[in-house]
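Here are some notes on the model, point by point. Please read them with the structure open.

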Amino acid sequence: MSSKKHSRKREDASRPSIELLDTGVPGLNEILGGGLPTDSFTLIAGGPGSGKTTLAMQLLFANATPERPGLFITLLGETSLKMLRYQQLFGFFDSGRVGTDVHFLNLSEEALSGDLENVLTRMIEQVDRLRPRIVVVDSFRALTRIRRSDSPVGQFEGFMHKLVLHLTTWEATSILIGEYLDQELENPVFTVSDGIFWLSQETHRNSVVRRIQIMKARGVASMPGLHTMRMTAAGVQVFPRTPERPEDLTPRKTDRLSTGVAGLDEMMGGGIP
């Protein structure tokens, strides 16, 4: 499938255009203002079970091609086999494309050793070999908890900046997955990211409601607020929140009948519609 089918450009003759990727997630393009900017660095954050991995996987399959494949890198999350066992149940997952359009790399052993330079080296090797269009790293948050006794101060920050620099050089659209809490928004990764998708779950009576918020989106006019998100057999689906439109609140002109009661017509805006 041609990559051109997955990309868009924001139409504005007076300004430089930004190529946008079709996310492949119903409703997500709409709240992003058209799609995901190419070569951007997006963080998908939220609590456990909020749908982060599934959303990233759906984006990956929607944009991977044999010429510009997708690369999913697993660090300290679940193993690739366990992840694929459940992700293959979704409609967007095509096992026939694994190994050609979509590639998986497990760096759990390297990450557990605490040698972030080795982790970065392995990433660079795979990206140089595959030249992917989109790269997903799961779970990026876990690396902050790995620190050897002889690790220099600021090692993770240095690793993060090197990774972002390399991703920019590779001209790859990158997605980092991490479990973060609201009070962790001062983390450096939030500053350097081009986009932040915040996924959450909340209990409403006897059911659980999933929501997504675009907290940051450089290059696109995203729709503010919380939007309902649902996970079905097909994958993730987003239901954009309908914004208030003042023009829709303006009463339409219509014929009115007089009530015949003095003063009542005026109170009713001219009479009975």
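1. Burial and surface. Of the 273 residues in the chain, 44% are buried (under 20% relative accessible area; exposed is over 50%, partly exposed in between; 1.4 Å probe, protein chains only). The chain exposes about 14,700 Å², and carbon and sulfur atoms supply 51% of that area. Accessible areas come from the Shrake-Rupley method with a 1.4 Å probe; for residues, only the protein chains shown count as cover.

2. Basis. This is a predicted model, in which local features need pLDDT of at least 70 and side-chain atom pairs count only at pLDDT 80 or more, while totals for chains, interfaces and linings use all residues. Residues are numbered from 1 along each chain as its sequence is written, and side-chain values use heavy atoms, with hydrogens and water left out.

3. Fold content. The chain has eight helices and 12 strands. Both are DSSP runs, numbered from the N terminus: helices are H or I with at least four residues, strands are E with at least two. Among contacts (heavy atoms within 4.5 Å) with a separation of 6 or more, 65% join residues 24 or more positions apart.

4. Salt bridges. How many salt bridges does a search of the whole structure find? The search gives eight. The criterion is a side-chain nitrogen of Lys or Arg within 4 Å of a carboxyl oxygen of Asp or Glu. One of them pairs Asp-101 with Arg-97, with the closest N and O atoms 3.0 Å apart. Both of these residues are buried.

5. Helix α5. Glu-125 and Arg-122 form a salt bridge, their closest N and O atoms 3.9 Å apart. Both lie in helix α5 (residues 116–130), three residues apart, about one turn of the helix. Glu-125 counts as partly exposed because its relative accessibility is 43%. Arg-122 is at 23%, so it is also partly exposed.

6. The network. Glu-110 joins Arg-122 and Glu-125 in a network of salt bridges. Glu-110 lies in helix α4 (residues 108–112). Is Glu-110 buried or exposed? Its relative accessibility is 13%, so Glu-110 counts as buried. Leaving aside neighbours within four places in sequence, Glu-110 contacts Asp-115, Asn-118, Val-119 and Arg-122.

7. Another pair. Arg-131 and Asp-128 meet through their side chains in a salt bridge, at 4.0 Å from N to O. Arg-131 has 38% relative accessibility and therefore counts as partly exposed. Asp-128, at 43%, also counts as partly exposed.

8. Nonpolar patch. Leu-257, Met-267, Met-268 and Ile-272 make a nonpolar surface patch of about 430 Å². Patches take residues with over 30% relative accessible area and no salt bridge; like charges are joined within 9 Å, nonpolar side chains (Val, Leu, Ile, Met, Phe, Trp, Tyr) within 5 Å. Leu-257 sits in the loop between β12 (235–239) and α8 (264–267). Leu-257 counts as exposed because its relative accessibility is 60%.

9. Strand pairing. Strands β10 (residues 207–217) and β11 (residues 226–232) run antiparallel, joined by four bridges. Two strands pair if DSSP finds at least two bridges between them. Ile-212 has His-227 in β11 as its bridge partner. β11 and β12 also run antiparallel, with five bridges. Here Met-229 is partnered by Val-238 in β12. A hairpin through two residues joins β11 to β12.
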